[in-house]
Protein chains: 2
Amino acid sequence: MSVIKVAILGFGTVGEGVYKTIQSHAEELEGLLGKKVVVAAVLIRNKQKKRNIDNDVLITSDFNEILSLPQLDVIVEAIVDKEPPYTFLKQAIQKGCHVITANKEMFAHHGNELLMLAEKHHVSVGYEATVAGGIPVIQTLRQLLNVNRVSHVQGILNGTSNFILTEMREKKQSFASALSLAQAKGFAEADPTNDVEGYDAFYKTMILSRIAFGDEPNWEDVEREGITSISSELIEAAERLNLRFKHIASISKVGGQLKAAVKPALVGKSHPFYSIEGVENAVNVQSDIVGSITLQGPGAGMFPTASAVIEDLVFVCQDQPTNKNFKLTTTPAFSKEIQEDVKEFWLIHGLSKNYRNPSIVFVSKDTEETAIIQATREEIDTLMNQQKARCYFQILGEHERAYKNDDVTIAVL
Amino acid sequence: MSVIKVAILGFGTVGEGVYKTIQSHAEELEGLLGKKVVVAAVLIRNKQKKRNIDNDVLITSDFNEILSLPQLDVIVEAIVDKEPPYTFLKQAIQKGCHVITANKEMFAHHGNELLMLAEKHHVSVGYEATVAGGIPVIQTLRQLLNVNRVSHVQGILNGTSNFILTEMREKKQSFASALSLAQAKGFAEADPTNDVEGYDAFYKTMILSRIAFGDEPNWEDVEREGITSISSELIEAAERLNLRFKHIASISKVGGQLKAAVKPALVGKSHPFYSIEGVENAVNVQSDIVGSITLQGPGAGMFPTASAVIEDLVFVCQDQPTNKNFKLTTTPAFSKEIQEDVKEFWLIHGLSKNYRNPSIVFVSKDTEETAIIQATREEIDTLMNQQKARCYFQILGEHERAYKNDDVTIAVL
């Protein structure tokens, strides 16, 4: 009986999860694909390290040994960094292998090249695991996008940041101690820059943008900000106003242009992200026919990510056109636009004493320093340029509803 | 250029939504399918009623006129009741038409027969609109189920009930006045029995069960209870204990048997359904690899339901095997089982004064009459048989987490 031969590049959390899942779900995979799925090789860096891998699996630190395996069907890439993974996957595609990646940094940079190369060589590229771990975001978006015109996509895409913000609020921890706990629990790396400075979420956002809008904004125009500026003091002030800080990726079309931002924002109780806590991820899609849909689930971890990889494995082996995703989606011309000059709600902090501006509506005030205001983006920019406030955060969601209930005292000054 | 000819049976909220969406999204549909989608006929009951339908569309109250249209490709059924829709769709399939239905009652009763008949006649059956409106539950489950072993599916499947429970809690309304408001807003029928007695949710649950577990329990063994027994007093007591009533469908495998219930239950802040409010629907799937995934969105309404129908339209016209859903899913043998004799958390009301039972743990107490206890299902049954309490509701979710935080005072009596 013929088999499907898989090689796994990298044996960290994701690589090991994929390996274990292929073993534990061998029966389902064989039932689905009509062939046994066999892990033929694993690429590792340190050959000395003891690993729980069967004896008949080739364990090597030389990618060429893997590439020269006869009849290799699929290469699963679960390394980090752009290189060597990009080069490895290019070579794999050129050799006629399907490839599946969980590497968002590499895929955000080189996804388009890999997809084009794969098309040329009649193989598929699976990348469901690059965005929001086990949540089937890409498949769901692809389906919704058949007919719906997407106007706005929002996501909590970095579990580490969300965990830290949750700990700071719930347990009244400082940023530093919440980060230490995240590191102790294995949610954050020794160098947490990628997570807490928003780079990880940024890469995922760019991939999500291509899926939802068929395109991405210029990377330099995207506001990227991590959670390091969110102090306990700010979190407590927000809580008194019934608001929560979340690190939110947001992509929408404004004036014919794709606009994206990845930064902390505030959400009230009526926002679907209000109760996304800990390492959970969530993606909200607003589109013209169906309205607002939210998906929520584990954003990372050994098995959730492995689940996404295995779903891709089934897809590529069934010859489903995963690599056509970017092209199949709604073209930018179809997507609904949102307006720019509306008055949004903002939390401003470090406000100058006795600041008055007739065009800005003060909705609620926490202390002398912190207040909720209603203003356009331009007005906020003016405020900051004049150094009338130290920092500001947008409050997302259905504002009118949020401020009509009893949660927030409406105290126009 | 050839066209895709569609007939719509019924021109109520869903039928009209489908008609309007086909008109407004003609360009996307043509781009996707390579053919223009044309509504050729609409079946209505009352020919006198004025409707906003183009002049070139056949409007008839005689199904035979529709059936005898040449080259009809797809019939969309958006009527209510089991008959005549079942007979109509059987005839349509026999004539070689793809069929798409939004009718849960009919599909819960006759889905299997329609799917088998469709297979015989090489056409497809789309039924995404039967469960949770616009939320792409069926497609998502189908994808997750490729490899994941589902252990438990829960859902808030009736928007009307959820709206009433939300109004009762948020605005401190009685059941009667919340129901009136739901009727005024068009969320509930003049006769609300189907919604508030749990029949609508029951039909959806049976469809969901077949998708998730490949089978359904005996209908007579399913506990079906509506929300009419939930008094304002109970809702307030629950709120004081940081719990919310939701009308929840639950399907799982216990001791090799599929077990389902559709009834009110309580959820704490850590449960993904805690903040599902108003007419929203949600579905939570727990499976072995990916863990817990929740989908949330509009459960009903003209356009959300139309969106699901249109997604099915794209699927059936692209010759995707929608009718294979039931067979492709994980067979019962693969699904993970859950244990029965664990101590669950329950809210009991109308407790006998000074009731003591050493095996039951009192976790928290609201008034003399209402308390949270920890007990097995058997113990609760005994309690009720001995008439020691008036009613009880299960508290779903991650109990340990829920009761370790400060939300609930742990007050073992």
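**Two chains about a rotation axis**

Of the residues of chain B, Leu295(B) comes closest to the rotation axis, with its C-alpha at 2.3 Å. The model is predicted. A rotation of 180 degrees superposes chain B on chain A, with 0.0 Å of shift along the axis and an RMSD of 0.0 Å. This is the relation of a two-fold axis. Both copies use the same surface: 100% of the contact residues of chain B recur in chain A.

The interface was examined next. In chain B, 36 residues are in contact with 36 residues of chain A. Four elements of chain B give two or more residues each to the side that touches chain A. They are helix H2 (26-33), helix H6 (137-144), strand E12 (291-298) and helix H12 (302-317). The largest share comes from E12(B), which supplies eight residues. By class, this side of chain B has 19 nonpolar, 15 polar and two charged residues.

E12(B) also takes part in strand pairing between the chains. Strand E12 (residues 291-298) of chain A pairs with E12(B) in the antiparallel sense. Three bridges join the two strands. Within this pairing, Leu295(A) stands opposite Leu295(B).

Six strands form an open sheet in the order E3-E2-E1-E4-E5-E6, and the pairing is parallel. Strand E3 (58-60) and strand E6 (125-126) of chain B stand at the edges. Each has a single partner strand, so one side of each is left without a neighbour in the sheet. For E3(B), pairing with strand E2 (residues 36-43) of chain B was found. The two run parallel and are joined by three bridges. Here, Leu43(B) stands opposite Thr60(B) in E3(B).

Helix packing was examined in chain A. Helix H7 (residues 159-170) and helix H8 (residues 175-184) of chain A pack at an angle of about 130 degrees. Their axes are 9 Å apart. That angle makes H7(A) oblique to H8(A). H7(A) passes H8(A) in a right-handed crossing. From H7(A), the contact is made by Thr160(A), Phe163(A), Ile164(A), Glu167(A) and Met168(A). H8(A) contributes Phe175(A), Ala178(A), Leu179(A), Leu181(A) and Ala182(A). By class, the contact of H7(A) with H8(A) has eight nonpolar, one polar and one charged residues.

Definitions and conventions. Residues numbered from 1 in each chain as written. Chains lettered and ligands numbered in written order. Predicted model: local features only at pLDDT ≥ 70, side-chain atom pairs only at ≥ 80, totals over all residues. Axes fitted to C-alpha atoms, helices over the stretch in contact; angles between N-to-C directions. Parallel < 35°, antiparallel > 145°, perpendicular 65-115°, else oblique. Left-handed = near helix turned anticlockwise from the far one by under 90°. Contact = placed C-beta atoms within 7 Å. Nonpolar A, V, L, I, M, F, W, Y, C, P; charged D, E, K, R; others polar. Pairing = 2+ DSSP bridges. Least-squares fit on C-alpha atoms with pLDDT ≥ 70 in both.
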